[in-house]
Amino acid sequence: MILLSGLFPIAAAANTPQGNTTNQSFSKAKKIMQKQIYTNPADMKTIYCGADFNADKYITLPAGFTTEVYKKRVKRWEAEHVVPAENFGRAFSEWREGAKVCVDSKGKDFKGRKCAEKANKEYRLMQSDLYNLFPAVGAVNAARQNYNYVMLPKTASKNYRSFGSCDMIIDKKDHDAQPPERARGVIARTYMYFESAYPKYKMSRQQRQLMEVWDKQYPVTKWECERAEKVQNIQGNINPVLAARCKNS
């Protein structure tokens, strides 16, 4: 049994939003990932491709990895929002419409991520939540964009973008992404946590069903539980989804 210290009672945590309340800086969150979470060489692997990286974030690409796009972004890991920033950001009026404070030096209004980050504390906290941030090969992170995770038809398509030995598949036409098996359980429990922690974010019925399947099909790992404990110690909030899974593993 893998226990996360101080994570109980689970029932109370599960019924109350328990998101990030301590760090509003995405830049700081990335530094915390580098300096305080991914510190053991055995755990320093990217979420999708399992690529090794060092303390300076430099990646050793797995044998057989290939990419036709974003080739300049393969050398260092990037912080991937498993639940994409745009997918929860659009719940904020600042992202959709802008705000009074979102005016650049030339007097031009702006909106989108830049405005939400500037004008809304709740958005900044969600964007910086360490439970939702994972190291990824930059090229894969860029190609995934804000696409939803799905199971794609097995028949190859000219619209599919792949990465050689890294079994991440992007459907360029329908804007979907099929992650490798190694990442599916982690992805599922991250989505489930995010929905439980932030009232502004809701999965579609179809997405929730897929996440529930992946959660059961790909059980929690020792590192997933250890990572959750690190995040809790730094960020201060419980991840009730992982607390329950780690207790029973």
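**Strand pairing and salt bridges**

In this predicted model, arginine 161 has isoleucine 170 of strand 7 as its bridge partner. The contact belongs to an antiparallel pairing of strand 6 (residues 160–163) with strand 7, which runs over three bridges. The two strands make a hairpin with two residues between them, and glycine 164 in the turn shows a positive phi of about 65 degrees.

Strand 7 also pairs with strand 8 (residues 176–178), again in the antiparallel sense and over three bridges. Here isoleucine 169 finds its bridge partner in glutamine 178 of strand 8. Four residues lie between the strands of this hairpin, where histidine 175 takes a positive phi near 60 degrees. Five of the six residues of strand 7 (residues 166–171) are buried, so strand 7 is largely enclosed by the rest of the structure.

Turning to charged side chains, the structure holds 10 salt bridges. One of them joins arginine 144 to glutamate 80, with the closest N and O atoms 3.5 Å apart. This pair links distant parts of the chain, since arginine 144 sits in helix 7 (residues 138–144) and glutamate 80 in strand 3 (residues 77–81), 64 residues apart. Both arginine 144 and glutamate 80 are buried.

Another salt bridge connects arginine 189 with aspartate 215, the closest N and O atoms being 2.9 Å apart. Arginine 189 and aspartate 215 are both buried, and salt bridges with shared partners join Arg189, Asp215, Glu224 and Arg245 into one network.

Notes
Residues are numbered from 1 along each chain as its sequence is written. This is a predicted model: local features need pLDDT of at least 70, side-chain atom pairs count only at pLDDT 80 or more; totals for chains, interfaces and linings use all residues. Side-chain values use heavy atoms; hydrogens and water are left out. Buried means under 20% relative accessible area, exposed over 50%, partly exposed in between (1.4 Å probe, protein chains only). Two strands pair if DSSP finds at least two bridges between them. A salt bridge is a side-chain nitrogen of Lys or Arg within 4 Å of a carboxyl oxygen of Asp or Glu.
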